[in-house]
Amino acid sequence: MAGPPNSVIVVGAGPVGLCLALALAQREVTVTLVEQLSDENFLDQVPRAGSNHPATLELFDQIGLYDKLEPRGIVAPKFHYWDRQEGKLIAEFDHALLKDDTRFPFVLQCERIKIIEEALKLAKAHPLIDVRMATTLNSIEQNTDGVRAHVTNADDEAEVLAGRYIVSAEGARSIVRKDIGVEFEGFTYPERTLNIEVAYDFRQHGYTERNYISDPVEYSNLFHWKGPPDRWRIHFPTDPNEDETALTRPEAMQARLKRFLPLDRDFDIKGCNLYAVHQRVAKQFRAGRAILAGDAAHVNSPIGGMGLNSGVHDAFNLADKLARILHNQADEQELDRYERQRRYIAVKHTQAQTIRNKRLLEERDPTVRQRNHDELRRSAENPELARKFLLRTSLIESLREAEQIP
Ligand SMILES: Cc1cc2nc3c(=O)[nH]c(=O)nc-3n(C[C@H](O)[C@H](O)[C@H](O)COP(=O)(O)OP(=O)(O)OC[C@H]3O[C@@H](n4cnc5c(N)ncnc54)[C@H](O)[C@@H]3O)c2cc1C
């Protein structure tokens with residue numbers, strides 16, 4: 001059952017599975033990477049995540065991915081908090097304050113779709129990675145020596161793949177997580193988020209590349225993405241009782257956009273999507289030789305852009321440990337450390353912060369709102385407080401803290 005002596009099966013060629021495969025291969029580990037989508041439809045996915053924080057850029061750089069992404073993204077050193085009620089900027093934070101903490105004192109706005117396109121090319125070119133596109137994992141079994149993954153391959157045939165370990169980077173609907181009977185603890189918000197992408201330059205109204213906009217009625221996030229043509233994505237919370245067709249009617253979206261920014265003509269809408277927001281963490285990140293990473297292990301609201309980032313951090317943490325185990329430099333207890341470190345970060349940092357971020361933007365109590373805004377202003381105006389704030393939002397603090405967990 002063991003397969004090649006140091007092989008790992010990675011399920012899912014999302015950002016987490018691809019980074020894990022590349023980081024393992026860099027550490028001389030053979031990888032079979034299984035992806036259900038084919039070469040033909042791999043890029044037909046919603047662009048999704050895209051704010052890549054400094055700590056993540058350092059990791060992309062380790063596997064040669066950063067240089068591929070920078071030309072396709074937007075370097076965004078600053079981000080803003082706005083008060084929509086007053087139409088005023090509350091605070092501006094500048095990553096330049098992190099110049100002594102990271103080689104990348106900025107966020108790179110580069111969508112998931114571009115990340116996986118570039119990372120897949122690197123994976124296909126690597127001699128230690130066997131990329132199996134159009135191959136779907138159906139179930140797994142394991143014993144003390146290894147794992148077997150039952151898949152349906154590109155020829156639509158049942159096939160069994162063998163390896164020493166299997167990592168589920170399959171995203172939130174992980175089959176491995178269900179197969180090993182691990183609960184996905186947490187909750188789902190009743191309202192869904194509507195994303196509308198428009199070709200319109202919001203910088204002419206004072207916005208920067210990344211903006212969090214607080215409003216007791218309809219908070220928003222506004223982000224800039226590289227084109228051509230450049231697009232700006234605005235997120236709005238929606239009424240749980242309204243159906244998707246009504247919410248995404250062009251006239252309804254135009255009205256929503258014009259409430260946000262009155263314009264004497266229609267916005268040039270380039271796309272939209274509606275999605276449910278979950279806050280969940282798997283009760284365990286590992287059962288024997290089956291390990292969870294990325295969205296398979298934890299999902300959160302996208303406010304703050306932490307899902308993809310923290311998933312990529314899982315991937316590099318795990319790659320180090322798996323490689324040392326497979327090269328007989330560490331024992332399997334290292335995998336328990338992976339779980340202790342990354343589950344702690346998922347609960348105490350990612351979940352806590354994304355829940356806080358949403359509360360901050362939607363706060364209804366005027367006194368609490370005022371207090372929150374004053375605090376943001378105070379932090380932004382004091383370089384020491386601002387650096388502390390940025391260390392947290394850029395996920396540098398969470399990586400440093402994870403390292404301290406034995
Ligand atoms: C609208 C939106 C905006 C977001 N914005 C941000 C942001 O700004 N910053 C951020 O950090 N996060 C953001 N996120 C979250 C982010 O997209 C996810 O956290 C991230 O994509 C998770 O990566 P992953 O590799 O774990 O899983 P996924 O990206 O979901 O990839 C899973 C892969 O596994 C494949 N797969 C699934 N099942 C199987 C199977 N059985 N067999 C074989 N292959 C399989 C899938 O086809 C897919 O390719 C956003 C999410 C959404 C929805």
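I'm working from a predicted model.

I started in the loop between E15 and E16, where Pro229 sits. Pro228 is in the loop between E15 and strand E16 (231-237) too. I checked omega for both. The bond from Gly227 to Pro228 comes out cis, with omega near 20 degrees. The next one, from Pro228 to Pro229, is also cis, with omega near -15 degrees. I made a note of both, since most peptide bonds are trans.

**Entry: the sheet**

Next I traced the strand order around that loop. I got an open sheet of 8 strands with mixed pairing, running E6-E5-E14-E15-E16-E13-E17-E20. Strand E6 (88-94) and strand E20 (298-299) are the edges; each has a single partner strand, so one side of each has no neighbour in the sheet.

I then zoomed in on one pair. E14 (residues 210-214) and E15 (residues 220-225) run antiparallel, with 4 bridges between them. I followed Asn211 across and landed on Leu222 in E15, its bridge partner.

Most residues other than glycine have a negative phi.

Ala134 has phi of about 50 degrees, and its place is the loop between strand E8 (129-132) and E9. I counted 18 other C-beta atoms within 10 Å of Ala134, so it is partly exposed.

Asn328 has phi near 60 degrees. I found Asn328 in the loop between H8 and helix H9 (333-362). With 8 other C-beta atoms within 10 Å, Asn328 is exposed.

**Entry: around the ligand**

Last stop was the ligand. I listed 33 residues around it, and the ones that come nearest are Gly12, Gly14, Gly171, Gly294 and Gly307. Sorted by class, the shell has 14 nonpolar, 14 polar and 5 charged residues.

Which elements each supply at least two residues of the shell? I got helix H1 (15-26), strand E9 (136-142) and helix H8 (307-326). H8 gives the most, with 4 residues.

Technical notes
Residues numbered from 1 in each chain as written. Predicted model: local features only at pLDDT ≥ 70, side-chain atom pairs only at ≥ 80, totals over all residues. Near = placed C-beta within 6 Å. Nonpolar A, V, L, I, M, F, W, Y, C, P; charged D, E, K, R; others polar. Pairing = 2+ DSSP bridges. Buried ≥ 20, exposed ≤ 12 C-beta atoms within 10 Å, placed from the backbone.
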